[in-house]
Every structure is written in structure tokens, then in C-alpha cells.
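This report describes one structure for a reader who has not seen it before. The sequence and the structure come first, and the description follows.

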Amino acid sequence: MKLTLTEEQEMLKKAARDFLADKCPKTFVKEMEESETGHSRELWQEMVELGWTGLAFPEKYGGGDMNFLDLAVLLEEMGRACLPGPLFSTVVLGGLTILDIGSEEQKQEYLPKLISGEKIFTLALTEPGYQNYDASSITVEATPNDGNYVINGIKLFVPDAHIADYLLCVARSKPENGITIFSAETKNPRINCTVLKTIAGDKLCEVIFDQMPVPKANVLGQLNQEWGAVQKIIERAALGKCCEMIGNIQRVLEMTVDYAKERKQFDRPIGSFQIIQHYCADMATDVDGARFSTYQAAWMLSEGLPCTKEVAIAKAWTSQASQRVAALAHQIHGAIGVTIEHDLHFYTRRAKAAELAFGDADFYREIVAKEMGL
Amino acid sequence: MDFGFTEEQNKFRQEVCHFLEEEIKEGYWKPACDAWIQDFNPEFTKRVAQRGWIGLTWPKEHGGQGLGYIDRLLLTEEMLRYGAPAACHWFADRQIGGSIVTYGTEEQKRELLPKIIRGEAFIGLGMSEPGAGSDLASLQTRAIEDGDDYIINGQKTWTSGGSFVNYFYLLARTDPDAPKHRGISEFIIPADLPGIKRIPMTDITGTEAWNDVFFDEVRVPKKCLIGEKNRGFLQALHQLDYERSGMERLMGNYPLFEAIIQFTKENNLSQKSVIRNNLAQLQIEFEVGRLLIYRVALVMDEGRAPNWEAAMSKAYSTAFEQKLASAAMEVVGLYGQLIGDSKLAPVRGLAAHSYLGSKGYSLQAGTSEILKNILAIRGLGLPSS
């Protein structure tokens, strides 16, 4: 057992932290939130050159041959910096899905373009309605038509769809138990995309498919497959969100402790008051619990071990921990923390988005209950 | 990172499980909550000793196995999972032996360590006093030099050990004029010296696992002093880090956890959403606690005393145990108030016992408030005043 990073991972972490500290200050994050695209092509290109888009893919597609655990380190730093843009969508939702279930031909077609940064990918999974990330929630239909398919329906909360070149769309191809994932080019006029106004300013979209034709060759993986394949995508995405969240709450803890040391009331630093100390101790415990449970699941995923329960534990814990940490951080920061001038709101808003994404604590508690045989 | 264990470690865990299952099959003891701290069973300790499982982490030259703290954690985790009666050797194995290895004289190592390893020396902890709990350094028990001896007068409380203990670990004031942290020394003394009187305390569960211990002109040879005179408090702080470090803070009432899950399934309560939700949440919190404690063992394997890390895991874990006890009481409803061997008491009366017994978990070995102070000040660098 070992809970420390390898030398290589430490280097990656440091490089990512330094790079993002330089290129992704909060002024930039704010600018991106307010911009239409929500990302900067220039920064995108620099991250591509650093190898971030290709890190977790095999060398034969132009990747860095590292694994999910290495990617976790990068995702954590992205969370710490509140990095805007489509890296998560492209790599975690798009690329790793293709790597996982795509045919060799599809991998050859998509992955080099993805790794080189030429094309942006995302995943269209969730739909309108209060759904639970299960097979029955998929109503977007893929109807066979002359050996090809026609897709109809609405997807909601699709990240970065407005700038993506490719969408991976999870659709119902058979009324009972028939879920298929299609890849589709977004320049198709039968796709209508609207950016939603969200708490994190993170460019989640409504995507409407209006009789969109898709060639059969765009079926990713198996036709009419079991929900299990989608579940694996959701698990990986949820875990990716955990990594972002630990970067987020680690930074929030540091900001809060620093503030508690500096801020004086009653002629002493507020961090010398026991109640503030205990709040900080609780925050640190939440952060470490999130870190270890997340990295445990990431390690298992990298090792190819079954980790449904561990991912569920990580996402349930980290989702709740992120909310507790945010709440205490605001309480300790006092009124300055609820102003738009202070950086804290960037973290609070993103923590809420990540908590909700790909299953919240309730959703994963239910999975844990099932794993316990309840 | 690697969250797995070596092949050897997996084999060792299996070996421990097999041993404990056989013990239960033979009817030597029944799994119980708090067995690590309350169930004194010299025969069990002897059998554990025969396998070389006491002093696992101590150096080979002192009769230990020279293994790591992760290895010890595998052992203790299984002992706790099975609710094994390990109280006779637990304290010496966890903290006193290590303290002797670090601070003891050659003579003390030669005399005491083999006795602990053989499962013959059962050591009770004499730290708290009626007036010295969280503020341990204010303790008043005196040890005054007299020729080749010290004369000890005073009272210790919450000393573990029933009537089985044959040694006491003792913190006593050796310099009343020094600042309170700097006038304290550590001793390990035979429990049967003239002038020592033990009076069992009955705790909220009705168990007599602790004692008040009175010292009246007890003459102790100087060779019983551990480490440096008047440096005992600092030595003891290290020891407290080890005292807080382990899985017993998370799994003290683990048999209840298994029993209540079983009970829920057997009584078709799984679909009751509050129960389902609470048990799943407990499972999540349990797994997180386990990881916090494994981190502590890794710190110890680096050769560091696990200071704020153990404070974190202990405060977190005892809160978990208390939640478990409360949740279990909610599951069994009205029946939760039935205690002991009543034929009507569900889950063998463990819920009621644990509900009461777990109140002390966040007080023993440092209250959660003190632990959070340590984490905030030592771990996060917040100002102490």
C-alpha cells in the first residue's frame, strides 16, 4: 500500500499547477464564464502541446500512454484552478469512451484528431425530466432507416456541445433494453444547440436532435447494448468529477486556513478561536476523506479492477464533503466570501455543479446499498 | 499510489481470519463489541502470542517480527472484525512496547519486551486522574526520589484492565517546581506492589473494565523509570499518537454493524428508505474512515509518530461509531431498550450496549475537541492563541 504519487505524477502535478497558475487566473476564468464559447483556443492549443489531451491514451494513437490515475492528478489540478473549457468533455467523456467501446477503425479515426486538439468531443447523455442515470431515462430515439439511423429527441446538460465537433449520443435504439451510442458531427443542421445559463457558468447545453440521420458506421461499440456499457462511462465521469472536486476543496481549505490566520477580530487572528479551528479541522478531514476515496477508486479503475462500489463511495462522499467544505469556508470567510470580488464563489459554484454531475450523493448511496445486498 | 496489499499481506490476513474463525468454531469466545478494550482473556492472548502476533512491529533483536504498521493493521482489523477478546495484550502491543523500544534501557527491553511478546505482561494505562483529563499535564500523582527508589502517592482513574493487569504504566510528577509539562516522568511498575489498591469502576453499560487505582507510599525501584526523568510528558505525547492511531477507533463496535445489516435483511427492512439510506451512508463513512487509518499506518511506517493524522482519524472514526450505534437503535425501534441476554433483545443486545458504550469513544485517548485542536494547530498551522 502506498498513498503517495510517483515521481512522474509529482512532476505532472507541479507542471500543471504552475502552468495553470500562470495561464488560468480567476480573471481569465471570469472572462471565459462571460464569453460565448467559454474557452480560449489559444490556451487549448497550449494544453494540447503539453500533452494533456493525449495523456491517458495509448501511444499508437499519439497519446502519452499514461493511465486514469495519472489523468486524475491532472483533473485535480484543473479543479484547483477552476479551468474552463472542454478538456473534461473531450478526454473523459469523449475520448475514453471511444477508447473503451469503439472499434479499432473508430479509434484510428477519432483519437488522433482528439489528441492533436483538432477536434473537440462531448457526450450527450442526460435528458429532460428528473432522472436517475438509468436505462429507462433514455428516451432520445434512434430509428432504423434504410440500414442507417435517424435520431430524434432532446438532451440536456450536455457540456460544451456548443463548441464540440463531435457528440457521442446515448440513444434508445430498441424499445426494450436497446441502448446504442452514436457518434455524430455537430455541424449537422439537424442538431440545434442552446447554451444554458448555469450556476457555474460552465456551458452546459440543451441539444435537440430533429430527425438527424446517422450512418450505421457511427454506431460506437455494439448495437443495442446493455446499460452496463453506459454505466461504465458514467462511473468514469463521476470519478473524474471527484478529482476536480478534490482540487477544488483542497484549494478552498488552503484559502480558508490562510484567511483564518490573517483576519483579526477582537485583536487576535480568528484562527486562534477554537470554533474556527474545529471548522477547519472538519474541512481538512472532509478533504482527506475525499482524496483517499477518490484515489482509491481511480487506482482500481487504472488497474482494471471492478470498482462500482468504490466509485459510488467516492462520489457520494466527495459530493457531500464538497458542500460541507464550501459552507464552512463561507462561514469562516465572513461577508467578504459572499462578494463577487472574492475568489471563493468560483469554487462554491463549481463544487455545486460537480456535486450534481453524473449522479449525486443520493444516487450513489443507492448503489452502495445495492452493493451491500440491501 | 497503490491501494492493494502484497501477496504476503493477503496471505497473512487470511491466516488471521482462519485462526479467528477456528477460535469461534471451538467456542472459545463469542464476537463482541469493545472486546479489544473490555474482554480480558489471557488464554486467547497466549494463543495469539504463540503465533508471534504480539510485537509484530518491534525490531527482531527485541523478539519482535520487524514487520510494518500496515501488517499490524491487517491483524488488528481482523481481530476487530471478529470481535476478538484481545484486551490483555492490546495496550502493551499498541503503545507501551513501542515506548520501551524507543525510550527504555537495555535492561527494561530484556525484561519487559519478551514478557509482552509471550503474552504474559498485561499492562494497564495510568494516565488520567480525577482532576487531569484533557489537561493531562496538570496531573498530581507524585513520585519522590528516595535512595534507589521513588515513592509514589496519588490516584489514577480510567485505568484499563480489570483484575488481569499485572503491570501499570504510570505518569507521575517528579518535579513539582518545574512548569507542569516539564516535571513529569513515565514508569512501568508491577501491579502487585504494596500500597496499590484498585477499585473497579462501573461504566454506563454496567461493565467493570476500568479501575480507580490508588497509590499510597508505593515504593518503586528507580529502574522502573522509562526514558528521561521529567521528560515523561513529551514521551507520553508520542505514545498518545500511537494510542489514537488504530482501527479500534473505527471498528470498536463493528460486530454491531454486521449484525444490524443482517437484521435489516432478515426482517425485510431493506426497502424502508430511511434505514436503507442510513446504512449505506454508514458504509460510505466506514470505508472513508478505513482509508484515513491506513494513511496513519503509512505515516508510522515512515518512522514518524502520527500526530495530527491520528487526531484526524480518531475524531472522525469515533463519530462514525456513535452514528452506527444510534442508527442501529433506530432500526430496532422499541426493542433497542432491551439489554443483555434477554431473549427478546435483537442483535444480541449489541445495539443497546453500543449506544451506551460509544458515548465514551469520543472521550478516551483525547476528546474529539482536543483532537481537533491538534489537527488545526499542528496539522494546519493555525495559531494556538
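Helix α13(B) is followed by B:Gly381, whose phi is positive, near 75 degrees. Helices (H or I, at least four residues) and strands (E, at least two) are DSSP runs, numbered from the N terminus. This is a predicted model: local features need pLDDT of at least 70, side-chain atom pairs count only at pLDDT 80 or more, and totals for chains, interfaces and linings use all residues. Residues are numbered from 1 along each chain as its sequence is written, while chains are lettered from A and ligands numbered from 1 in the order in which they are written.

The buried residues of α13(B) are B:Leu371, B:Lys372, B:Asn373, B:Ile374, B:Leu375, B:Ala376, B:Ile377 and B:Gly379. A residue is buried if 20 or more other C-beta atoms lie within 10 Å of its own, exposed if 12 or fewer, and partly exposed in between, with C-beta atoms placed from the backbone. The cover over these residues of α13(B) includes α8 (274-302) of chain A together with α11 of chain B.

## Where the chains meet

The contact between the chains takes 37 residues from chain B and 36 residues from chain A. Two residues are in contact if their C-beta atoms, placed from the backbone, lie within 7 Å. On the side of chain B that touches chain A, the elements giving two or more residues are α9 (254-266), α10 (273-301), α11 (307-332) and α13 (368-379) of chain B. Of these, α10(B) gives the most, with 14 residues. By class, this side of chain B has 21 nonpolar, 10 polar and 6 charged residues. Ala, Val, Leu, Ile, Met, Phe, Trp, Tyr, Cys and Pro count as nonpolar, Asp, Glu, Lys and Arg as charged, and the others, Gly among them, as polar.

## Domains

The contact joins 20 residues of domain 1 of chain A to 23 residues of domain 3 of chain A. On the domain 1 side, α2 (26-34), α4 (68-81) and α5 (87-101) of chain A are the elements that give two or more residues. The largest share of that side, 9 residues, comes from α4(A). The residues on this side of domain 1 of chain A divide into 12 nonpolar, 3 polar and 5 charged.

## Two helix pairs

In chain A, helix α7 (residues 227-262) and helix α10 (residues 344-356) pack at an angle of about 150 degrees, with their axes 10 Å apart. Therefore α7(A) is roughly antiparallel to α10(A). Axes are lines fitted to C-alpha atoms, for helices over the stretch in contact, and angles run from 0 to 180 degrees between N-to-C directions. Angles under 35 degrees count as roughly parallel, over 145 as roughly antiparallel, 65 to 115 as roughly perpendicular and the rest as oblique. The contact of α7(A) with α10(A) has 8 nonpolar, 1 polar and 4 charged residues.

In chain B, α9(B) and α11(B) pack at an angle of about 25 degrees, with their axes 10 Å apart. Therefore α9(B) is roughly parallel to α11(B). From α9(B), the residues B:Leu256, B:Phe257, B:Ile260, B:Phe263 and B:Thr264 meet B:Leu324, B:Ala325, B:Ala328 and B:Val331 in α11(B). This contact of α9(B) with α11(B) has 8 nonpolar residues, 1 polar and no charged.

## A loop residue in chain A

A:Asp360 is found in the loop between α10 and α11 (361-371) of chain A. A:Asp360 is partly exposed because 18 other C-beta atoms lie within 10 Å. Leaving aside its neighbours within four places in sequence, A:Asp360 is in contact with A:Ser319 and A:Glu355.
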